[in-house]
Amino acid sequence: MADNTAITPENTSTPQEDHTVDAAGQVAAAPAPEAAQGQAAAEQTAPAEDAPTQSAPAPAVPKPKAVPSPAALAHKAPHVKAAPAAPTYSQEEIDKAEAFGRVDEQGNVFVREGDQERQVGQFPNAEAKEALNLYARRYLDLKEKLNLFASRLRSPKIKAHEIDESLTSLKEETKQPEAVGDLAALRTQLDQLAEQGQARKAELAQARKDAMAKAIKERTAIVEKAEDLAASLGDSTNWRSTADKFRSLFEQWQQHQRTTIRIDKADADALWKRFSSARTTFNQARRKWAQQRDAQRSETKRIKEEIIAEADQIKDSTDWGPTSHQFNELMDRWKQAGRAGRQDDDALWARFRQAADVFFNARQADRDKTSVNERENLTKKEALVAKAEALLPVKDAKAAKQARQELAKIQEEWDGIGFVPRDDVRRIEGRMDAVDRQIKAVEDAAWNQSDPEADARVSSFEQQLAAQLEDLDRRIAAEQDPAKKQELEAEKATKEQWMNAVR
């Protein structure tokens, strides 16, 4: 959308319309290009022109061959028979027209105009009725031209020059027409049409003035939008979106230029100068931004090349924790570096991702290996905790002592197994702790029974246990997390053991 491709505002080429035939049968000059386009656009949506008040006439009867001169007739006077007339006009119309004419014995045809007669032609060797019919139809044809012109005057598409040309032609045709009919009424009708034509020309002139003002207002609105865009340019400008908006405005300008009335050259040039200036401002600002963007992209590319080099240096490290932290820092620096252009960014990212994948794939492989070992450890501890849980329930101090000895052996083996998966640590350790607590509860109860103050404390302790068990029942019923629910159930089992020991 550079300015050097811009066209001048009012000299874009437009297709020339065919010459049109006006209501009087004359060839009218083609309208101006912009006006013609406006007319063409209007014709696509405007309703059909008003038809004449009477039914549309059939094709006009062809005129007979030229009448030979009297000298020629002296040598040869063949009988000339008129071509049969098409049923265009009603017999009543023809009869009224014929009433203004007569035919003498030599075939001369006369028309009466006021108190005078005028010869309008000659139709020898034919019946008087046939001759009058031909010239009456000529009159009706001429009257139909006036009717058509009257209809054309009501059309919104008529042009002032068509009115002038049609009136000039009709005045010439009605001056001394070779026709039979009420010529005075015909000329009166023409005078009325001339007055209507002048009034219609005044309307057209005002309409053109209004259309011109409207077109200038519309094109000014396009210019102002372009100027507003140019004035809003800044660091946050979306250049692609703004370029699309300028392109759309330019297309609107061209469309408006093609489809509306031609604006006077002075106004068109002034508006185009403003529009072109706004586009130039945008193009210069975008060019400057593009230069700054290219410089920034070069710097970004350099930074990312350095990051890739650092990633290549540490990608083979097996020091998983610190190296993972380093890769996270490199990723943060990568994001802060910005963009180096889509093509370069994609290639640079592929290189960085390749280095990162080498490290993280190796780390994942090591984790997978560790996970297998931990799952094996979990299986072993599951067996041990089941063995420990088999020691329960413990009913007295003696049984508690034996259970404690067995549990110590189990815990020694437990400690030698190693780690289990992180998600299972809490669960498996909780089960083992629950066994220990239940045995300890029996041990504590046995000790309390030998204490002189034990009896005094039993009642209070029993009440506390009962309250705690009731609270645990409520918490277990409300808990949704399976792991937490299991812990609460283990705690409840321990307290139940205590309650049994107290009782």
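1. At 3% relative accessibility, Phe327 counts as buried, whereas Phe360, at 22%, counts as partly exposed; buried means under 20% relative accessible area, exposed over 50%, and partly exposed in between (1.4 Å probe, protein chains only). The model is predicted, with local features needing pLDDT of at least 70 and side-chain atom pairs counting only at pLDDT 80 or more, while totals for chains, interfaces and linings use all residues. Residues are numbered from 1 along each chain as its sequence is written, and side-chain values use heavy atoms, with hydrogens and water left out.

2. The whole structure holds 15 aromatic pairs, where rings of Phe, Tyr and Trp (its six-membered ring) pair if their centres lie within 6.5 Å, with planes under 30 degrees apart counted as stacked, over 60 as edge-to-face and the rest as tilted. The ring centres of Phe327 and Phe360 are 5.4 Å apart and the planes stand at 55°, so this pair is tilted.

3. Ring pairs also join Trp239, Phe246, Phe282 and Trp289 into a cluster.

4. The largest nonpolar core has 32 residues, of which Val109, Tyr139, Phe149, Ile163 and Val180 touch the most other members; such a core is a set of buried Ala, Val, Leu, Ile, Met, Phe, Trp, Tyr and Cys residues joined through side-chain atoms within 4.5 Å. Its largest share, 12 residues, comes from H4, a helix spanning 128-153 (helices are DSSP runs of H or I, at least four residues, numbered from the N terminus).

5. Apart from that core lies another, of 17 residues, including Leu384, Val385, Ile417 and Ile439.

Key: Helices (H or I, at least four residues) and strands (E, at least two) are DSSP runs, numbered from the N terminus.
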